Amino acid sequence: MNPIFLDRNIFVYALSETVVWIVLFFAMPAAVALLRYWDFSSYTALQFRLERRAYLLMSVAVFVFVLKLLLFPYFIFTLDKLSAIVPGAMCAAGVISFDPSGMHLLYLKIAVLFMLVLWLVVNQYDLAGGNYRWSRLKYRLFVLLFVLISVELWLTLRFFNALDIHAVLNCCATLYGLLEGMNPLPFGLEKIPMVVLFYLVWFFALFSHAARKPLRHFAALMLFAVIAYYSVLYFFGTYIYELPGHHCPFCMFQRDYWYVGYAVWGLLAGGLFLGIAALVAEIMMREKVSLLKRISSWLLSLFVLLCTVYVVSYVIRNGTLLPEEVSTGMVMPM
Amino acid sequence: MSQYLIEIQDLERFFAEGGGRLYVLQNLCLNVKRGECVVLQGISGSGKTTLLNLIAGIDRPDSGRILVGGEPVNKLSDRFLSIFRGRHVGMVFQHYHLIDHLSVSQNVAVPLTAADMGFAEQRQRVRQAMALANISHKADSTAATLSGGEKQRVAIARALASDPEIILCDEPTANLDRANAEALIVLFEKLHNMGKTVIIATHDPRFLSLPFASRVLRMEQGEIVS
Amino acid sequence: MRYQRIANIFSLFLGVLIVGILLYFMFQKHDPVSVVQGNYDRKPLAFVLTQTNDVVCKMLIRSYDNSAQAVDTEGETHFFNDPGCMVLWLREQPNRAQIRLWIHTLDTHRWIDARRAWYGIKEKTVMGYGFGAREKRKRGSIGFEEMYRRMLRGETLLDPKVRKSLLEDDYVR
């Protein structure tokens, strides 16, 4: 076993993830039983036992959600702290990219969080309905969550176990720097049109919400997810760092930048997760989701405001926008 | 619509004990019409309190069906159960369960705090319930300063505050002297005359010969035997 | 509701605008090329400067001089802005001997077989390795195999000791 597990943060993180998995593991037989035997119209002893267990599963899911919500920023924090002892890595970006599975792990963690939000939304409407008509969907999601969290735990432990503090890692400049001539932006966009699109898509999402068009709103949020990510990376992030070539999504989690990364990515993720989960409930389950959509719109608006404030603040202080990045190309180490 | 306000079919409730099961209620069937007054008589441990708790939705059965006003009470989620109880059921407990440091009017208002009504309407309901239970003169007294009989009246006023269809009483006269117990019986008759459905669980022999009680059911070991 | 209708119109308008912008940019200029398929003749290809990337260092190739191409047996052509990058790429290939290598010379300014070229060892090159390709042998220049070995051993102008010894010789002379 890698002695890196003795690092305080990794130890706490790994232990917490394991506890979450153990709790889910013990809840799984109940979930499987619920899936197999659930029949709300029945009044048998088995059905009543299942209904009591359903409350247990709800408690477990809420517990897992709260813990996962806390553990995800803690994961970023842990990677950031590790960058101090791993040569080459200046922030979490370098550490996570140590292993090819690192980014997959990050995406999986984000996917798990989204699935948990979705589960809670489905659960909310299942309870509100009174006849538990979404119970089967809920328990299928629960089983899927267990599988995802199992894979996530395995990947997490494998990732930390494979970390070699003697190997030189890449810093974010190598990973996220603009490659000469290459356009990293999606859809062939350039920087300014992308920023214009950022605001247009945000307005599109808001107006689609106001117009009560769920499919349009869903499309807007999916597009906003992509555009917002790249806008933060290649435009707004540079104003946070006040460096035109600094394109790292992780450095803004550091103290030097007032930990603003948590706010930026937290607001974006929160707004998107809630909005998309609510719209899934509205489109597929035909439930009324106005409160959730409103919260989502507020979170995304706060995110847009926060990003804009950095740009406006820079312009006010300096009287100009950031200069264009001078591309010097990348030199591969020998 | 069914003629019965309360329909109970094949109700079972048991507790795990020493590897086996202790049945508190088994294969219990009971139908109660709207406006009836039913007395459940039996010794301690016969299952009377458990039955009342199940009808009120405070407890959940292990099998069987309970329909109250057509609603499958034992199928409702916690949220719907709270709404159901708030609207349809008033419960009078053996040991009153008042909040000692609150006043009488505040105790009576407790079931209305979660209800969707304004302060003015709440105050009016509290006044009406206290008047019905003949405890208005003690409105501002703290519950801890009341006698047993007065406490029981407050408990009844509290049960009536939300104007429920069903009043469930669990050993209402167990801790009362004779005078207070008889006053309480008069109150129950008033409630019955108002059209409330009243179910009284008791081992007080005075309730065996109530003129307004439509039925006296004897319970033994979790079953209705007569 | 009235505001809903207004919001609907705005959102439709924005949706169309957004789709239009996306489609416009999706069909715009393409990313620079670093690999070209279908070169079955395995000859050096003409390419556009500043529109072609070195596949190793990812830099744009801004001059033909000293640039290189490698064509494998499937006709896949890779571009390099420096013979050193070509060596780094070649090292990773399993069938090195079958790959055809081309270099654009500094003296005759034409494409020749890189394995027949002569390489100066202290030239000013794009990546700073110091290997400048020529068709005609010059005093002090080395052959391809020697250049390949030196590159992999790190004996380039990027190494300060090598740099000092090579350039000091000149100074002393």
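This is a predicted model: local features need pLDDT of at least 70, side-chain atom pairs count only at pLDDT 80 or more; totals for chains, interfaces and linings use all residues.
User: Let's start with Asn74(B). What makes Asn74(B) count as buried?

Analyst: The cut-off is 20 or more other C-beta atoms within 10 Å. Asn74(B) has 24 C-beta neighbours inside 10 Å, so Asn74(B) counts as buried. For orientation, Asn74(B) sits in the loop between β5 (71–72) and α2 (78–88) of chain B. Setting aside residues up to four places away in sequence, Asn74(B) touches Arg60(B), Pro61(B) and Ile66(B). Gly57(B) is 17 residues from Asn74(B) in sequence, and their C-alpha atoms are 6.4 Å apart in space.

User: And Val39(B), how do you know whether Val39(B) is buried or exposed?

Analyst: Val39(B) has 23 other C-beta atoms within 10 Å, and 20 or more means buried, so Val39(B) is buried. This residue lies in strand β3 (residues 37–41) of chain B. Apart from neighbours within four places in sequence, Val39(B) is in contact with Ile200(B), Thr202(B), Phe207(B), Leu210(B), Ala213(B) and Val216(B). There's also Ala201(B), 162 residues away along the chain, with a C-alpha separation of 5.9 Å from Val39(B).

User: Why is Asn27(B) called partly exposed?

Analyst: Asn27(B) has 14 other C-beta atoms within 10 Å. Buried needs 20 or more, and exposed needs 12 or fewer. A count of 14 falls in between, so Asn27(B) is partly exposed. You'll find Asn27(B) in strand β2 (residues 20–33) of chain B. Asn27(B) also has a positive phi of about 50°, although it is not a glycine.

User: What about Gln221(B), buried, exposed or partly exposed?

Analyst: Partly exposed: Gln221(B) has 14 C-beta neighbours inside 10 Å, which is between the 12 and 20 limits. Gln221(B) is in the loop between β9 (215–220) and β10 (223–224) of chain B. Gln221(B) is not a glycine, yet has a positive phi of about 50°.

User: Over to chain A. What makes α9(A) roughly antiparallel to α10(A)?

Analyst: The axes of helix α9 (residues 260–285) and helix α10 (residues 290–318) of chain A cross at roughly 155° and come within 8 Å. Angles over 145 degrees count as roughly antiparallel, which makes α9(A) roughly antiparallel to α10(A). The crossing is left-handed. On the α9(A) side the contact includes Leu267(A), Gly271(A) and Leu274(A), and on the α10(A) side it includes Ile295(A), Leu299(A) and Phe303(A). By class, this contact has 14 nonpolar, four polar and one charged residues.

User: Why is α8(A) called roughly antiparallel to α9(A)?

Analyst: Their axes cross at roughly 170° and come within 9 Å. Since over 145 degrees is roughly antiparallel, that makes α8(A) roughly antiparallel to α9(A). Among the residues that meet are Phe218(A), Leu221(A) and Ala225(A) from α8(A), with Leu268(A), Leu272(A) and Ile276(A) from α9(A). The contact of α8(A) with α9(A) has 15 nonpolar, two polar and one charged residues.

User: How many helices and strands does chain A have?

Analyst: Chain A has 10 helices and zero strands. Of the 334 residues in chain A, 40% are buried.

User: What gives the most to the largest nonpolar core?

Analyst: The largest nonpolar core has 91 residues, and Val121(A), Val201(A), Ala205(A), Phe224(A) and Ala277(A) have the most contacts inside it. Helix α8 (residues 214–241) of chain A gives the most, with 13 residues. A second, separate core of 55 residues includes Leu11(B), Leu30(B), Val154(B) and Ile200(B). Back in chain A, Val201(A) is in contact with Ala220(A), Leu223(A), Phe224(A), Ile227(A) and Ile18(C), leaving aside neighbours within four places in sequence.

User: Which chains share the most contacts?

Analyst: Chains A and C do, out of the two pairs of chains in contact. That contact takes 25 residues from chain C and 26 residues from chain A. The chain C side divides into 15 nonpolar, eight polar and two charged. For the other pair, seven residues of chain A are in contact with 12 residues of chain B.

User: How do you know that chain B and chain C do not touch?

Analyst: Contact needs C-beta atoms within 7 Å. The nearest C-alpha atoms of chain B and chain C are 28 Å apart, and these chains do not touch.

Technical notes
Residues are numbered from 1 along each chain as its sequence is written. Chains are lettered from A and ligands numbered from 1 in the order in which they are written. A nonpolar core is a set of buried Ala, Val, Leu, Ile, Met, Phe, Trp, Tyr and Cys residues joined through C-beta atoms within 7 Å. Helices (H or I, at least four residues) and strands (E, at least two) are DSSP runs, numbered from the N terminus. Ala, Val, Leu, Ile, Met, Phe, Trp, Tyr, Cys and Pro count as nonpolar, Asp, Glu, Lys and Arg as charged, and the others, Gly among them, as polar. Axes are lines fitted to C-alpha atoms, for helices over the stretch in contact, and angles run from 0 to 180 degrees between N-to-C directions. Angles under 35 degrees count as roughly parallel, over 145 as roughly antiparallel, 65 to 115 as roughly perpendicular and the rest as oblique. A crossing is left-handed if the near helix is turned anticlockwise from the far one by less than a right angle, and right-handed if clockwise.
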